[in-house]
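Q: I have a new structure open and would like a short walk through it. Can we start with the annotation and then look at the ligand?

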Amino acid sequence: MPFIDHVSDSDLQRLALQRVVPALLSRGFCYVDGLLGEVAGGAVLEQVRDMHRSGALQDGRLASSAPGVHRRNVRGDKIAWVSGAERGCEAVNFLLNLIDKLVSMCAGRLGTGTGTGAGAGTSIRERSKAMVACYPGNGTGYVKHVDNHNYDGRRITCIYYLNKDWNAKEHGGVLRIFPEGKSYVVDIQPLFDRLLLFWSDRRNPHEVQPSYATRYAITVWYFDSEERAEAKRRFRDLAASTSQQQQQPPQDSGSS
Ligand SMILES: Cn1c(O)c(C(=O)NCC(=O)O)c(=O)c2ccccc21
Ligand SMILES: [Mn+2]
């Protein structure tokens with residue numbers, strides 16, 4: 001199904017240079033509304049709904065519901081990882097390709113030392129698979145956290161929201177960002193056809209507030225190549241060292 005090319009390359013270029021890069025550098029986050037338009041955005045939403053209906057979203061994590069309410073076995077966010085090549089993910093694939101283009105147009109201009117002391121510039125050449133997430137609307141959310149808390153290589157978090165007629169007063173589900181070192185918070189509604197980008201590291205702790213309606217989002221994380229390579233090395237060393245320990249017989253307490 002050929003999608004209406006709602007956004008031309010020159011639109012993306014302008015969006016990258018005039019909106020996304022300045023906002024990421026000055027505030028650490030940026031959101032864009034109307035990214036795909038009604039038709040293509042609607043196609044992505046339908047495919048995510050189909051995944052939800054078909055049970056492709058794995059059962060949510062055990063989550064505590066609204067604070068103070070102690071219900072057992074409350075299931076929270078349900079997720080599925082997709083590459084975009086799967087059957088029924090054509091519209092998701094179109095979205096991922098568009099976000100890849102947008103981020104690649106920004107990558108060269110995100111300067112050096114993006115906050116994690118990395119002297120070298122940010123070289124973003126790869127990303128994660130896409131995480132399709134659904135909050136079932138039972139009052140569960142996601143506690144405050146940092147996506148990349150310990151140099152796992154993730155540099156930019158991109159979240160595409162799919163929720164039509166969302167009203168935070170009624171449905172909650174606001175993404176609240178607590179920009180590091182700032183006295184204010186940033187509340188972002190998970191609105192249909194909205195793309196949010198923010199630095200994945202400690203600059204942007206964030207939480208998903210309890211949701212009272214079904215809340216869909218698709219997230220991809222873009223890696224800084226150097227940090228990612230270093231993280232992989234660290235992980236390999238860790239795996240190697242733990243497997244060595246397992247091979248050696250456990251030392252009894254009396255050994256010198
Ligand atoms: C389901 N879900 C998340 O929703 C967010 C997250 O920060 N979401 C922000 C948002 O949806 O606005 C996550 O960061 C996350 C991390 C690991 C596994 C699942 C996760
Ligand atoms: Mn997160």
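**Domain and ligand site**

A: The UniProt annotation, from an unreviewed entry, reads "domain: Fe2OG dioxygenase" and covers residues 126-224. Keep in mind that this is a predicted model.

Q: How much helix and strand is there over residues 126-224?

A: The chain there is 4% helix and 45% strand. The end C-alpha atoms of that stretch are 8 Å apart.

Q: Ok, on to the ligand. Which residues come nearest to ligand 1?

A: Tyr135, His145, Tyr161, His206 and Arg215 come nearest, out of 14 residues around ligand 1.

Q: What does the side chain of Tyr161 do there?

A: An N or O atom in the Tyr161 side chain is 2.7 Å from an oxygen atom of ligand 1. Arg215 has a polar side-chain atom 2.8 Å from a ligand 1 oxygen, and for His145 the corresponding distance is 2.9 Å.

Q: And how much of ligand 1 does the protein bury?

A: The protein buries 88% of the 420 Å² that ligand 1 exposes when taken alone.

Q: What kind of space does ligand 1 take?

A: That space is the largest pocket. Elements giving two or more residues to the shell around the ligand are β4 (130-135), β5 (142-145), β6 (154-161) and β10 (206-208).

Q: Which one gives the largest share?

A: β4, with three residues.

Q: Last one: how do the shell residues divide by type?

A: Nine are nonpolar, two polar and three charged.

Conventions
Residues are numbered from 1 along each chain as its sequence is written. Chains are lettered from A and ligands numbered from 1 in the order in which they are written. This is a predicted model: local features need pLDDT of at least 70, side-chain atom pairs count only at pLDDT 80 or more; totals for chains, interfaces and linings use all residues. Side-chain values use heavy atoms; hydrogens and water are left out. UniProt positions are given in the numbering used here, feature names are shortened, and annotations may be inferred rather than shown by experiment. A residue is near a molecule or strand if one of its heavy atoms lies within 4 Å of it. A polar contact is a pair of N or O atoms within 3.5 Å; within protein, one must be able to donate a hydrogen and the other to accept it, and residues adjacent in sequence count only if both atoms are side-chain atoms. Accessible areas come from the Shrake-Rupley method with a 1.4 Å probe; for residues, only the protein chains shown count as cover. On a 1 Å grid over the protein atoms alone, a cavity is a set of points where a 1.4 Å probe fits but cannot get out, and a pocket is an open set with protein on both sides within 12 Å along at least five of seven lines; lining residues have an atom within 4 Å of a point. A molecule sits in a cavity or pocket if more than half of its atoms lie within 2 Å of its grid points. Ala, Val, Leu, Ile, Met, Phe, Trp, Tyr, Cys and Pro count as nonpolar, Asp, Glu, Lys and Arg as charged, and the others, Gly among them, as polar.
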